[in-house]
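Dear colleague,

Please find below the structure that I am handing over to you, together with its sequence. My notes on what was found in it follow directly after.

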Amino acid sequence: MAIEKALYTATATATGGRAGTAKSSDGALDVTLSTPAQLGGAGGPGTNPEQLFAAGYSACFIGAMKAVSARQKIALPAEVSITSDVAIGPHADKPGAFGIQVDMKISVPGMDRAQLEALVATAHEVCPYSNATRGNVDVTLTIV
């Protein structure tokens, strides 16, 4: 999927792989990376690519919900939160490869459920992360 025009470009550099560091070009992101013990690493105090992906997808999806609600003139309560579980494991169809799956739990207290379901479905069509993963990553959206 191509974009018409880049409105913003984020640049980050990782060194050392899963047990290294990652830094954004503007210095706003500067993290230590640690490989989880479940993936054969030492664990440790750093974050990992799956946590970064979960945080980014959650934040981006909330942004998509806000954009859609503004366009549709729907009041979106301020207490929106999304908890994303990003799982990694052996790919079911590609021996030796790994894949991820995402389970998003979407909470918008006080909003009509039918209206929220429609908003979430539209946001899933708008969100860049959803568009990037569609057809490649199993994504489950659950309203809690």
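**Ser84 and its surroundings**

A polar contact of 2.8 Å joins the side chain of Ser84 to the side chain of Ser58. Please bear in mind throughout that the model is a predicted one. Ser84 belongs to strand β4. Is Ser84 buried or exposed? With a relative accessible area of 11%, Ser84 is buried, because the limit for that class is under 20%. Apart from neighbours within four places in sequence, the residues in contact with Ser84 are Ala54, Ser58, Asp103 and Met104.

**The sheet and the helices on it**

Strand β4 is part of an open sheet of three strands, arranged in the order β4-β5-β6 with mixed pairing. Which strands form the edges? They are β4 (81-90) and β6 (138-143), each of which pairs on one side only. On average, neighbouring strands of this sheet are turned by 15° against each other, direction ignored.

Strand β5 (residues 98-107) runs parallel to β6, and six bridges join the two. Within this part of the sheet, Lys105 stands opposite Thr142 in β6. Helix α2 (residues 113-126) packs on the sheet and touches β5 and β6. The direction of helix α2 makes about 160° with that of β6. Helix α1 (residues 49-71) lies across β4, β5 and β6, and runs at about 140° to β4.

Ser107 is a further serine that may interest you, and its place is in strand β5. The relative accessible area of Ser107 is 18%, so Ser107 is buried. Not counting residues up to four places away in sequence, Ser107 touches Glu79, Val80, Ser81 and Val144.

**Salt bridges**

How many salt bridges does the structure hold? There are five. In one of them, the side chains of Asp85 and Lys105 meet at 2.5 Å, N to O. Asp85 lies in strand β4 and Lys105 in strand β5, so this pair ties together parts that are 20 residues apart in sequence. Both side chains belong to partly exposed residues: Asp85 has a relative accessible area of 38%, and Lys105 has a relative accessibility of 27%.

A further salt bridge is formed by Glu117 and Arg113, whose closest N and O atoms are 3.1 Å apart. Glu117 and Arg113 both lie in helix α2, where they are four residues apart, about one turn of the helix. Glu117 counts as partly exposed at 39% relative accessibility, and Arg113 counts as partly exposed at 46%.

The side chains of Arg134 and Glu125 also meet in a salt bridge, at 3.7 Å, N to O. Arg134 is partly exposed, its relative accessible area being 36%. Which residues do salt bridges with shared partners join into one network? The network consists of Asp85, Asp103 and Lys105.

**Aromatic pairs**

The structure holds four aromatic pairs. A pair of aromatic rings is described by two values, the distance of the centres and the angle of the planes. For Phe53 and Tyr129, the ring centres are 5.5 Å apart and the planes stand at 55°, so the pair is tilted. In terms of the cut-offs, planes under 30 degrees apart would count as stacked and planes over 60 as edge-to-face.

Where in the chain do Phe53 and Tyr129 lie? Phe53 is in helix α1 and Tyr129 in helix α3 (residues 128-133), and the pair links distant parts of the chain, 76 residues apart. Phe53 is partly exposed, with a relative accessible area of 23%. Tyr129 is likewise partly exposed, with a value of 28%. Ring pairs also link Phe53, Tyr57, Phe61 and Tyr129 into a cluster.

Yours sincerely

How values were computed:
Residues numbered from 1 in each chain as written. Predicted model: local features only at pLDDT ≥ 70, side-chain atom pairs only at ≥ 80, totals over all residues. Heavy atoms only, no water. Pairing = 2+ DSSP bridges. Axes fitted to C-alpha atoms, helices over the stretch in contact; angles between N-to-C directions. Contact = heavy atoms within 4.5 Å. Buried < 20%, exposed > 50% of the residue type's maximum accessible area, 1.4 Å probe, protein only. Polar contact = N/O pair within 3.5 Å; in protein donor to acceptor, adjacent residues only side chain to side chain. Salt bridge = Lys/Arg side-chain N within 4 Å of Asp/Glu carboxyl O. Phe/Tyr/Trp six-rings, centres within 6.5 Å; stacked < 30°, edge-to-face > 60°.
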